[in-house]
Every structure is written in structure tokens, then in C-alpha cells.
Amino acid sequence: MSRVMYLHIGLVVAAVAMILGLRLLGNEYAWYMGYIILQYVLLAVSWNILAGYAGYVNFGTAAFFAAGAYTTILLGKWLGLDLLLCVLAAGVVSGLLGLGMGWLTLRLRGVYFSIATLSLAVVLQTLVVNWPYAGGSSGVYTLRPQDYLVFGNFSEFLFVLMLVLAFSGIAVAAWIERSRLGLGLTTIRDDERAAAAAGVPTLRLKLAATTISGALMGMAGAPLPYYASYLNPEAAFSLNYTINAMAMTLIGGTQSWVGPVIGAVLLGTLQQGATVTISSAANLLIVGGVMILFVTLAPKGILGLIRARRRKGDRA
Amino acid sequence: MLDSFLIANAVTSGLLLGCLYAIASMGLAVSFGMLDVVNIAHPAMMVLASFLIAVICAASGLDPLLAAVLLAPPFGLLGAGLYRVYYIFFERRGQEAMQGLAFFFGLMIVIEVALILVWGGDQRWVETAYGGHSLNLGPIGLPLRMLFPALMALAAIAVLFVWLRRSFTGRAVAAVAQDREALRFMAINPIRIKTIAFGLSIALAAIAGGCLIVVQPVDAHSGHIYLGRVLAVVILAGLGSLPGTLIAALIFGVIENLTATIFGPAWSPAVAFGLLLVMLAFRPQGMFGGAHG
Amino acid sequence: MTGILARHSFGALASALMLLTSGGTLAQTPSGEPIRIGGSMSLSGGLAGSGRPSQLAQQIWVEDINARGGLLGRPVELIQYDDQSAGANVPGIYTKLIDVDKVDLVISGYGTAIIAPAMPVVMQRGMAFIALLGSGTNEMFRYPLAANISPVGPTMSEDFSKGFFTVAQGLDPVPKTVAIAGLDSDFSNRAMESAREQARLFNIEVVYDRSYPPGTVDFSPIVRSIQSAKPDLVFFASYPPDSVALLKAVQELGLEAQMLGGGMIGPQVTAIKAQLGAQLNNLVTWDVYAPEPTMDFPGTTEFLERYREVAAKQGAETLGLYAPPLAYAQVQVLEQAVTRAGSLEQAAIGAELHKGSFQTVIGELTFDELGEWAEERNLWVQYQGIEGNELEQFKLPGRQVILYPEIYKSGELRTGFPAK
């Protein structure tokens with residue numbers, strides 16, 4: 001069996017195991033906690049598609065995420081659309097946003113892209129705040145249905161939805177890694193000018209990466225209005241999403257999708273744990289501090305450390 | 001009612017505001033524009049300076065602008081040290097694009113959270129003798145709270161320009177922005193020059209911090225408000241052009257206040273950033289930048 | 001007058017309660033399994049400025065109630081997790097509290113953005129839920145077991161500024177024009193809406209009406225535009241950073257009006273009172289409590305003294321005149337509802353919330369069927385006689401004179417802003 005088959009089967013097995021295991025645990029808290037961690041897994045994996053594979057740093061994660069959340073809100077209000085359809089729509093909207101951002105700035109150096117994404121967050125937030133139909137700064141309430149299809153309760157459904165989305169994101173990232181897109185992105189990351197000189201269609205590849213990355217981030221944000229029941233622009237556009245996506249990926253390692261997953265699970269669990277045990281004023285300090293430590297001392301992240309160990313082991 | 005006095009006042013207050021943006025951006029124009037070090041923690045350092053100045057002023061009764069001048073040298077040393085770390089771990093390894101950026105991002109977060117942990121989330125401010133008073137030149141009102149920091153900003157920028165043109169180190173800094181290797185041929189160590197230049201950018205952050213706390217009370221998150229604006233100004237100007245940064249900052253301030261007066265303040269942020277995005281789309285080198293793309 | 005009656009009958013009620021719960025003797029030590037009350041509270045992030053003082057106030061209540069014999073004879077434990085001012089953390093916190101920590105009772109954190117995400121969780125488990133300073137959080141959910149501790153009542157968008165405009169009718173000449181400016185945010189938007197509505201009712205023309213985004217640095221364009229419109233009244237709806245900046249700009253540019261103020265959150269906060277000092281004179285603002293003799297409810301003075309002691313030690317804001325009394329009232333209501341229900345059965349507790357009235361440190365409260373205060377109690381106060389920037393003077397009566405509503409009125413309006 002090819003590695004691809006292994007990966008896909010592995011993901012499905014893991015998913016089923018998690019659902020059954022949590023059902024047995026019978027504790028609804030697990031669904032909530034799991035949702036948040038999986039959300040960060042998806043955000044980190046999608047952030048890494050641009051950063052790790054292509055070398056472009058996105059400071060506007062929150063903008064793409066919030067665009068997904070507000071797509072759900074707007075479509076829910078306008079057409080009464082089901083959440084699943086909203087998720088797909090959110091992917092389209094955020095994907096287009098990524099495409100637009102990319103087209104605007106990717107002919108320039110990477111740092112311009114980063115700054116443009118930062119501005120995007122401000123512009124989008126201003127737009128939403130001045131848009132009464134989207135709730136403006138007062139926010140929007142979203143009522144949850146009691147249950148959904150075969151699921152016992154709605155929180156379980158949200159968890160499974162995010163599980164499917166996160167694992168799909170992993171599958172997409174893994175596909176990119178093996179594909180010509182991924183190869184092209186790697187050459188861009190290593191030396192863009194040389195790649196262009198060698199005939200790699202750099203702009204097209206970068207646009208593909210920003211579109212896919214944006215779309216996944218949008219889908220990560222789409223269920224949020226149902227999860228939190230109340231959403232205002234300040235919460236949706238929170239800088240924390242940007243910070244966490246970046247920190248989790250850099251701490252985990254950027255070489256493959258495994259890095260962001262490790263980082264998200266580790267940091268996400270730590271943060272969730274800290275919320276309900278100790279005071280979390282220092283929470284963000286720890287995130288920032290650990291990120292600095294890692295980029296300074298272990299720039300390839302945890303994944304890099306593991307691989308370095310393995311190589312040493314091979315040699316010995 | 002949009003009479004001409006209202007417009008004239010909007011333009012003047014916009015210019016004063018622009019001077020504040022100018023001193024806030026100038027440090028970043030040096031580090032980002034000339035040295036290619038994307039220090040996104042710059043506004044956070046400015047806020048840190050504001051907090052420290054508030055403490056100094058509370059303890060000594062000194063004027064905050066004066067305190068800022070006193071704080072500038074230690075901040076300069078801090079900047080020099082910071083650049084050394086950055087150079088060793090990132091620039092030398094060729095990893096400034098991502099890890100370097102992440103380093104400064106992490107630094108920004110750490111500074112902000114540290115400020116909250118040490119001083120709490122409340123605002124800090126400094127009482128000045130001239131706060132609350134205005135200089136009235138006919139129909140044009142100039143609040144001293146804005147005027148004095150604006151004058152300080154212009155003075156600091158003037159000193160900066162003169163130093164860059166006249167002094168040896170200053171000209172070396174301007175040179176290193178253009179061509180590091182050529183500098184080596186002149187037996188000048190570019191790393192040393194860059195260290196000095198980066199230290200200078202952080203010293204400018206200290207001055208900006210003093211101006212900031214005279215204009216408004218500062219809290220740990222104030223940096224966010226300035227981050228976007230400062231980046232916008234630097235890019236609007238074009239990387240590497242310091243006079244351009246001043247002009248771009250003034251334009252920014254005037255546009256913001258004119259928009260607020262004519263259309264209402266709700267749209268000011270969008271106008272400013274919209275301008276930035278438009279500039280990036282059609283003239284990415286900014287108004288005065290060279291071919292840096 | 002309800003205030004005075006409440007004071008007299010409270011004494012009787014209190015002794016009766018103590019006898020009931022302590023089985024005849026006073027100051028009993030509670031015994032048995034502790035009753036655990038759970039909730040989230042913003043101890044970090046943007047809302048911590050009100051979150052931390054609220055927690056302090058509630059911790060004081062826990063000490064108080066345990067000294068008085070506990071709740072239903074059992075000791076009380078309060079478990080609060082930090083939601084970091086982020087609504088997304090709230091559902092998880094309440095699920096943990098209820099399912100894992102197995103708390104007996106729940107209360108909300110501070111503010112709409114923290115209350116609303118908790119609603120589906122507590123509704124699903126049928127728990128009684130008392131909220132702190134939410135605005136309209138139960139409108140959508142229509143949950144029958146909820147109550148809200150917020151003086152604005154159910155009709156904020158219409159009645160919030162009634163006091164401001166009513167008081168303004170006492171000006172001579174009667175005002176004809178008003179300028180409205182405020183922060184683009186939920187609370188201030190509603191405040192401005194009510195200003196427009198009340199202006200309409202009182203036949204006052206609105207000559208300026210704009211909102212500004214958060215992060216505005218320079219308010220001189222707004223103040224200048226208002227100045228050029230020459231309004232008789234100026235109504236601001238702002239949060240602490242902009243309240244200060246607005247008042248500073250007003251002073252510098254010399255804006256004058258017959259009456260100036262509005263739904264300005266900021267002057268209530270200790271640090272800002274200290275900053276503004278005498279600039280506050282003649283400002284007419286919204287408030288929830290003022291240390292005036294007309295508002296001295298049973299337990300208020302003692303609570304404030306205890307709170308200030310604790311706050312000073314913990315480095316929290318030390319006047320305690322905004323969130324803390326409301327947070328204390330939140331748990332007082334819970335205590336009385338549980339005691340009347342006689343058990344921890346949530347439906348019974350929820351039913352009690354809508355019956356009768358509750359005696360608290362901010363006065364007597366009754367709730368309508370959605371849990372809002374049956375009567376809005378928006379206080380409108382005017383700062384008078386402030387000298388310099390010392391904080392002690394704000395604890396004295398006569399500095400924050402209550403002009404509205406009638407039952408708490410403690411002084412007369414002084415015309416003109418700024419004070420001459």
C-alpha cells in the first residue's frame with residue numbers, strides 16, 4: 001500500500017477512535033476542548049502551507065478566520081443556510097480573499113505580503129463594524145439546534161465537524177507536499193529568483209498556496225458562531241488566532257504537516273489546561289516566550305529536534 | 001457645517017498628528033527601510049518607553065519630553081544589543097524572512113504581556129503643566145498637548161537627518177543601506193554600522209514614547225493602534241526614504257483628520273489602510289522609494 | 001418611598017433569615033458538604049479592569065456568607081476560571097464546571113460577550129443563571145430561569161438617556177439642540193440610539209450625530225465639528241480611553257454647552273477620576289451608584305469599606321463604585337433565591353428569581369419575566385465641587401450629586417459646562 005493510503009486510512013481510523021473514545025468518556029467538556037484544539041490544528045496546518053512550504057508569513061490569519069465566521073453569520077441571516085453549506089461557502093469566500101491578497105502583493109517581496117495581510121485584518125474589521133446587517137460592533141447571536149442528525153447533542157456534532165475539517169486539512173497539506181505544487185513552492189522558498197529563472201511559474205503557485213491556505217482558515221472559522229453563540233468583531237478578529245497559528249507552527253516545525261499538528265496539540269492542550277487550572281495572565285507570555293526560544297535555539301521546531309535525534313541515532 | 005475654518009483646523013490638527021506618526025515611524029523607517037530588519041515590535045517598544053517615562057516622571061516630576069531624551073541612550077544600547085542577538089541567530093543564518101519575523105513578533109507579545117503583568121491593564125498618563133491649554137493663532141487652535149510633541153518630533157528628526165548627512169558614522173549608515181559589500185571594501189565593518197543604526201532606531205522609539213504619552217494616556221495594548229499605521233506610513237513613503245517617511249506621515253495624519261471631519265470618524269481607519277493596499281497594488285515602491293521590489 | 005421602606009423592612013427580613021438558616025442561634029459555623037458556585041470571570045485581557053474587581057467583591061461575599069452560617073446551612077465555595085475576556089473560552093469553562101467539577105450553582109462572568117456564550121450550556125442543563133451587566137442577552141434565548149444585574153433595564157435603546165434629557169428640561173432657557181457622538185460599540189451604540197429617541201420625544205434637534213472607531217487618537221476633528229454646530233447639549237457615549245481623550249479635547253478647544261456629558265463610561269473608574277480631577281465639575285453622566293446619602297442601602301457602606309481594603313492590598317481599582325457593588329448584588333440575589341427555594345433545585349431557584357423582590361447593596365431589585373430589572377435604574381449624576389486630583393474627596397457625599405431619578409435625587413443641577 002502506498003504511503004498515501006496509509007495516511008488516509010490512518011486519519012480515518014484515528015478519527016473514529018477519537019469519536020468513540022470521547023463518547024465512552026461521556027463527558028461533554030471533552031467535545032468543547034477537542035473542538036478548540038482541532039480548530040488550532042487546522043489553523044496551524046493551513047498557516048504552514050504558506051509559511052513552511054512557500055516561505056511567506058501571513059500576519060492576517062485572524063482576517064481569514066473571521067471572514068469564515070461572518071460568512072456563516074451572513075448566509076444564516078440571509079438564506080437560512082445550514083451550517084455544513086456555510087462551511088463550504090466560507091471556504092470559497094476566504095479562498096477568494098487569499099487569492100485577492102496574493103494577487104495584490106505577491107509580485108513583491110515576502111515582507112510586503114506580511115504587511116498587507118496585517119492591513120487586511122484592519123480593513124475587514126472596519127467593514128464589519130460599519131455593517132449593521134452583519135451585526136456591526138454589537139455582535140450577532142446564533143441559536144443552536146438541540147441536536148443534529150445522528151449526533152446525540154450539538155457539541156458532539158461541532159466536534160466531529162471540526163475533526164473532519166482538520167483531518168481534511170492535513171490530507172490537503174500532505175497532498176501538497178507530495179505534489180508538483182509543493183515542489184514548486186519549495187523552490188520558491190529556497191530561492192525565488194532562481195526558481196523564476198528556471199521557469200517555475202512562481203506567481204501562479206504562490207496564488208494557489210494563498211488560496212488554499214485562506215480557504216482552510218475560513219473553514220476553521222465557519223462553525224465559530226454556533227460554538228460561541230455570540231460573536232462580535234473584536235472576538236472574531238482577535239489577534240490570538242494569528243499569534244497561536246504562528247507560534248504553534250514554529251514551535252512544532254515547518255517542514256511538514258506533522259509540525260503544526262504537534263505544535264497545535266501541545267500548545268492548545270497547555271492553554272486549555274491553563275484556563276481551567278491556574279490563572280492565565282501569563283498564558284500569552286509563555287506562548288510568546290516559548291516561540292522566541294524556539295525560533296532562536298531550535299529554528300526547525302520540535303519536528304526538527306526529533307529528526308536531528310533520529311539522524312544522530314542512525315549515525316551511531 | 002463645513003466652513004473653511006473647520007477645514008483649516010482639520011488640516012492643522014492633521015499635521016500635528018502627522019508629526020506624532022512621523023516620530024513613531026522614523027525608527028521603523030531606519031530599521032526596516034534602511035537595514036531591512038522588520039522590527040514589528042517597534043510600536044511595542046515605543047509603548048514600553050512610554051511606561052518607563054511615566055514612572056520616571058512620577059518619581060522625579062520631570063517633563064516627559066525631557067525624560068524621553070534621557071531614556072534615549074539606554075534604549076539605544078538596548079537596540080544595539082537586540083541587533084546583535086538578531087544578527088547572530090537570524091541574519092547570519094539567513095533565516096530573517098520567517099524566523100526573524102517570528103522573533104520580533106514574539107518579542108512584541110512578550111513586551112505587551114510583561115507590561116500588563118508588571119503594571120496592570122490600566123492606563124498610564126503624565127500630567128504636564130501645559131496639558132489642557134491651547135495656543136490660538138486667530139481661528140486656528142493648536143493644543144499644546146499636540147504641539148509640543150510635534151515640535152519635539154520635528155527636532156529629533158532634524159537632528160537625525162543632519163547626523164546622517166554630516167557625521168562619518170551617519171553617512172556610513174546611509175551607505176550600508178545601499179550596499180553592504182561596498183562598505184567592506186572601505187574597511188568599515190557593516191555589522192558594526194548596522195548595530196549602531198538599529199540602536200538609533202530604538203532610541204527614536206524612546207523619543208516617540210515620550211511624545212505619545214504627552215498626547216494621550218497609554219496602556220499595554222496601545223501598540224496595536226500604531227502598528228498598522230506605522231507600517232502603512234513606512235510603505236507609503238517607500239523603503240529607505242527618511243524624508244519621504246516624514247511627508248507620508250504628515251499626509252496620513254491630514255487624511256485621517258479630514259476624513260473624520262468630512263465623512264465622520266467611522267471610516268478613518270479604512271481610508272488609511274485602503275490607501276496602503278492601493279499603493280501596494282499599483283506603486284509598491286511607495287512615493288519616494290527606489291526600486292526595492 | 002421604596003428606599004426607606006426597604007431599609008426598615010430589611011432589618012426584620014435579615015433577622016428572620018438568620019434565624020431560619022441557623023436554627024435559632026446567630027453567627028453559626030456552616031457545616032456539611034460545601035455548596036459550590038462556579039462561573040467564568042475575565043481576570044486577564046480587555047475586560048479584566050472590571051472583571052478583577054467583580055471577583056474581589058464576590059470573594060468578599062463568600063467570606064460574609066460563611067461567617068453568617070453559610071447557604072442552607074452549608075459552607076460556600078466559589079470557583080472561577082479566567083476566560084481571558086474571550087467569549088470562545090466560555091462554553092468550555094461552563095461545561096467543565098458543570099460536568100467535571102460538578103458545581104451546584106452557576107453565575108455569569110462580566111459583560112455580554114462573556115454571558116451570551118454561556119447561555120446555551122446552562123440552558124441545556126436547566127440551571128438558574130444570574131448575569132452581570134449584560135445587555136439584552138436574554139432577548140434571543142428567552143430563558144425563563146435567568147436574571148440580569150444591570151441597571152439599564154429592558155428598554156435601553158429608548159430609555160437609557162431619559163434622565164439626561166429630563167434633567168436638561170430644568171435648564172433656562174430650555175435646550176433646543178443636541179450633539180451626539182460616541183464609540184462604535186454595542187453599549188455606546190444603544191446609548192446613542194436612546195439619545196436620538198429622547199431628543200425626538202423632547203423636541204430637541206440633533207445637530208451632530210457621529211460615531212468613531214476604537215483606536216481613534218485625535219478627537220479634535222469631532223470636537224471642532226460639534227463646536228461649529230453650536231449645540232445646547234452635548235451627549236457622549238464613550239469608554240474609558242476615549243472618555244478621557246474627549247474631555248481633554250473639549251477643554252483644550254474650549255467647547256462650551258449648557259449641559260455636557262452622557263453615557264460616558266470612564267468617570268466611574270478610579271484611575272480616571274484621579275486623572276481628570278476638577279475637569280469633571282458640572283459633567284452630567286450615567287452611573288450605577290454614587291456615595292450619596294439617598295443611596296445608602298443596608299450593607300452598602302460596610303461592603304465598600306471591606307472592598308476598598310481588599311482592593312488596595314490586591315492592587316485593584318480602589319473606589320469600587322462601578323462593577324463591584326453590582327457583582328456583590330449578583331451573588332446576594334443568588335443567595336436569597338436559593339434560600340427562598342429552600343433547595344438546590346434549579347427550576348425552583350429560577351422561579352424565585354421572578355417572584356418578589358431582593359434586598360441588595362444597591363437597593364431593592366425586582367426582575368421581569370426575561371430577568372431584566374422591572375424598572376430601569378439609570379442614575380444620572382453631576383460632579384460638583386471637585387478640587388484637585390485627590391481620590392479621597394470622591395468618597396464624600398456632595399461630589400457626585402444624583403439628579404435623576406427623583407427617588408434618589410440628592411442635589412440640584414448646576415448649569416453650564418465647563419464649570420466656571
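What you have here is a predicted model, where local features need pLDDT of at least 70 and side-chain atom pairs count only at pLDDT 80 or more, while totals for chains, interfaces and linings use all residues. Residues are numbered from 1 along each chain as its sequence is written, and chains are lettered from A and ligands numbered from 1 in the order in which they are written.

## Around A232(B)

Back to A232(B), which sits in helix 9 of chain B. Helices here are DSSP runs (H or I, at least four residues), numbered from the N terminus. Leaving aside neighbours within four places in sequence, A232(B) is in contact with F252(B), A272(B), F273(B) and L276(B), plus S119(A) over in chain A. Being in contact means that the C-beta atoms of two residues, placed from the backbone, lie within 7 Å.

Then there's L275(B), 43 residues away from A232(B) along the chain; their C-alpha atoms are 8.6 Å apart.

## Where chain B meets chain A

Chain B puts 33 residues into this contact and chain A puts in 35. On the chain B side, the elements giving two or more residues are helix 4 (96-119), helix 9 (222-237) and helix 11 (268-282). Helix 4 of chain B gives the most, with 15 residues.

By class, that side of chain B has 27 nonpolar, 6 polar and no charged residues. For the classes, Ala, Val, Leu, Ile, Met, Phe, Trp, Tyr, Cys and Pro count as nonpolar, Asp, Glu, Lys and Arg as charged, and the others, Gly among them, as polar.

## Where chain A meets chain C

This contact takes 29 residues from chain A and 27 from chain C. On the chain A side, helix 2 (28-54), helix 5 (110-129), helix 10 (224-228) and helix 13 (258-276) each supply at least two residues, and helix 2 of chain A gives the most, with 5 residues. That side of chain A divides into 14 nonpolar, 13 polar and 2 charged residues.

## Inside chain C

Chain C is assigned domain 1 (2-151 + 296-365) and domain 2 (156-293 + 377-408), with bounds from an automatic or database domain assignment. Taken over C-alpha atoms, the centres of these two domains of chain C are separated by 30 Å.
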